[in-house]
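Please look through the sequence and the model shown here before reading on. The report that follows takes up a pair of helices, a core and a few single residues.

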Amino acid sequence: LVSAVNIYRQKLVKILALYGIAILSFVPLAVVFGLYWLIKEAGVGMDSTIRAILQTVLGVAGIVSLFWVVFCNIAVQAAVYLAPESAESEKIMELFKRGRSLAGKYFLVSFLVGIFTLLWTLLLIVPGIIMSVYYSFAGLCLVYEGWRAGKALKRSKELTKGYWWAVVGRSLFWEF
C-alpha cells in the first residue's frame, strides 16, 4: 500500500493535468450553450426563421460537444489508469493520446459493467452489489492486461474471487 501511494504521489502532477484536460473538454459545450442563450435572449428582433436555423445548428453543435466531453472524459480515465506506469519523460498529451486509443474499448467495458450490474440489481439488490464489486476491476483488466470486454469482466471476477471483502473495504476507503 505504501509503495502504491508513493507511485501516485510521484505521478500526481500528471494525474491532475489529465483531469484538467477533462475539465477543459467542457469549454466547447459551454460556448455552445452561451451562444444558444444569447440568441434566445438577445435575438428578440431577429427573424424567426434565422433564429430557428441558428438554434438548430447550435443544438447539433451541442450534441457534438456533449459527445466530445464524454469521449475526452473516458480517455482521461483510461489515461489516469496508465499514469502510474508511465515513464517520467512521457508528456501529458502523449499519455492522453494513449488513453484516447483505449477510449472506445473502455467505454464498451464500462457500459457492459453498468448493464450487467443493473440486470443483477433488478434480480435483487444484494446480487447487484456483489456483482458490481466483482466487475470493479474490468476497466483495469482492459488497460493493464489488454483483455477485451467480455474477457475483462471474467478476469475482474477472477481477480476479486476470494478477496471480495478486501475489495469492498478498499473501495469504501477510497470513496470516503
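## Two packed helices

An axis here is a line fitted to C-alpha atoms, for helices over the stretch in contact, and the angle between two axes runs from 0 to 180 degrees between their N-to-C directions. In this predicted model, helix 5, which covers residues 92-123, packs with helix 8, which covers residues 149-160, at an angle of about 60 degrees and with the two axes 9 Å apart. Angles from 65 to 115 degrees count as roughly perpendicular and those under 35 as roughly parallel, and helix 5 and helix 8 are therefore oblique to each other.

The crossing in which helix 5 passes helix 8 is right-handed. On the side of helix 5, the residues that meet helix 8 are Leu108, Val109, Leu112, Val113 and Phe116, while helix 8 brings Ala149, Ala152 and Leu153 to the contact. Sorted by kind, the residues of this contact are eight nonpolar, no polar and no charged.

## The largest nonpolar core

In soluble globular proteins, nonpolar side chains tend to be buried together. The largest nonpolar core of this model has 35 residues, and those with the most contacts inside it are Leu18, Val76, Phe96 and Val109. Two or more residues each are given to this core by helix 2 (12-24), helix 4 (48-82), helix 5, helix 6 (125-134), helix 7 (138-145), helix 8 and helix 9 (164-175). Helix 4 supplies nine residues, the largest share of the core.

Which residues is Phe96 in contact with, leaving aside its neighbours within four places in sequence? They are Leu18, Ile21, Cys72, Ala75, Val76 and Ala79.

## Helix 7 and the residue after it

The buried residues of helix 7 are Ala138, Gly139, Cys141, Leu142 and Val143, and these buried residues pack against helix 4, helix 5 and helix 8. Just after helix 7 comes Gly146, which takes a positive phi of about 75 degrees.

## Two single residues

Leaving aside its neighbours within four places in sequence, Glu90 is in contact with Lys14, Leu95 and Arg98.

Ser3 has its place in helix 1, residues 2-10, and is partly exposed, with a relative accessible area of 48%. Between Ser3 and Val80 there is a separation of 77 residues in sequence and of 17 Å in space, C-alpha to C-alpha.

Note on methods. Residues numbered from 1 in each chain as written. Predicted model: local features only at pLDDT ≥ 70, side-chain atom pairs only at ≥ 80, totals over all residues. Heavy atoms only, no water. Helix = DSSP H or I, 4+ residues; strand = E, 2+ residues; numbered from the N terminus. Parallel < 35°, antiparallel > 145°, perpendicular 65-115°, else oblique. Left-handed = near helix turned anticlockwise from the far one by under 90°. Contact = heavy atoms within 4.5 Å. Nonpolar A, V, L, I, M, F, W, Y, C, P; charged D, E, K, R; others polar. Core = buried A, V, L, I, M, F, W, Y, C linked by side-chain atoms within 4.5 Å. Buried < 20%, exposed > 50% of the residue type's maximum accessible area, 1.4 Å probe, protein only.
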